[in-house]
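Please keep the sequence and the structure in view while reading.

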Amino acid sequence: MFTKERVIHTLLFEAFALISMIVIGMFVMDEEMGTMSGLAVVISITAMTWNYVYNVAFDKAFGEERITRTLMTRIWHGLGFEGGLVIFTLPLMMWWLDLDFMTALLLDLGAVIFFVVYAIVFNWLYDIIRHKYFNHGSVIAT
């Protein structure tokens, strides 16, 4: 995957994630849209940065032939990404929403469960669409 495609992949992933996080957060936390939108944007920027770094490292470790990845590889990919992201998001959520450690941890674990499934499904669909419809598997050929 070229850098331009990685950026497109990340932006698509985060756009759908951002919408989901705001709506679910408003419902679960009974917070205003502005509060949840601000938190979601900060977490999204953090996640996009982590996404790029993590996926470059993952591709180097497991190869760039993404279409051949097994379900187990995709599960480990999702768990590794979300586990690393928790290190950044847990203290942020505690501060932003004025939560105690356990409440923030439970909220973050719920988000992790949601996003592990989301990441697996999103990336699998992205890889299938990329492989089937775009220039030998590349959305951006240059």
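R74 is buried, because its relative accessible area is 5%, and buried means under 20% relative accessible area, exposed over 50%, and partly exposed in between (1.4 Å probe, protein chains only). The model is predicted, so local features need pLDDT of at least 70 and side-chain atom pairs count only at pLDDT 80 or more, while totals for chains, interfaces and linings use all residues. Residues are numbered from 1 along each chain as its sequence is written, and side-chain values use heavy atoms, with hydrogens and water left out.

**Salt bridges**

R74 forms a salt bridge (a side-chain nitrogen of Lys or Arg within 4 Å of a carboxyl oxygen of Asp or Glu) with D127. D127 lies in helix 4 and R74 in helix 3, 53 residues apart. Helices are DSSP runs (H or I, at least four residues), numbered from the N terminus. D127 is buried too, because its relative accessible area is 3%. The count of salt bridges comes to four; the table gives three of them.

| Pair | Closest N and O atoms |
|---|---|
| R130 and E5 | 2.4 Å |
| R69 and D59 | 2.5 Å |
| D127 and R74 | 3.0 Å |

Both R130 and E5 are buried, and this pair joins helix 4 to helix 1 across 125 residues. R69 and D59 are also buried. R69 and D59 belong with R6 to a network of salt bridges.

**Nonpolar patch**

On the surface, a nonpolar patch includes I67, L71, W124 and F134, and its residues together have about 900 Å² of accessible area. Patches are made of residues with over 30% relative accessible area and no salt bridge; nonpolar side chains (Val, Leu, Ile, Met, Phe, Trp, Tyr) are joined within 5 Å, and like charges within 9 Å. Accessible areas come from the Shrake-Rupley method with a 1.4 Å probe, and for residues only the protein chains shown count as cover. Helix 4 gives the most to the patch, with seven residues. L71 is in helix 3 and counts as partly exposed because its relative accessibility is 43%.

**Largest pocket**

The largest pocket has a volume of about 450 Å³. A pocket is an open set of points on a 1 Å grid over the protein atoms alone, where a 1.4 Å probe fits, with protein on both sides within 12 Å along at least five of seven lines; lining residues have an atom within 4 Å of a point. Helix 1 gives the largest share of the lining, ten residues.

Terms used:
Points joined across faces, edges and corners; volume = space filled by probe spheres on them. Helix = DSSP H or I, 4+ residues; strand = E, 2+ residues; numbered from the N terminus.
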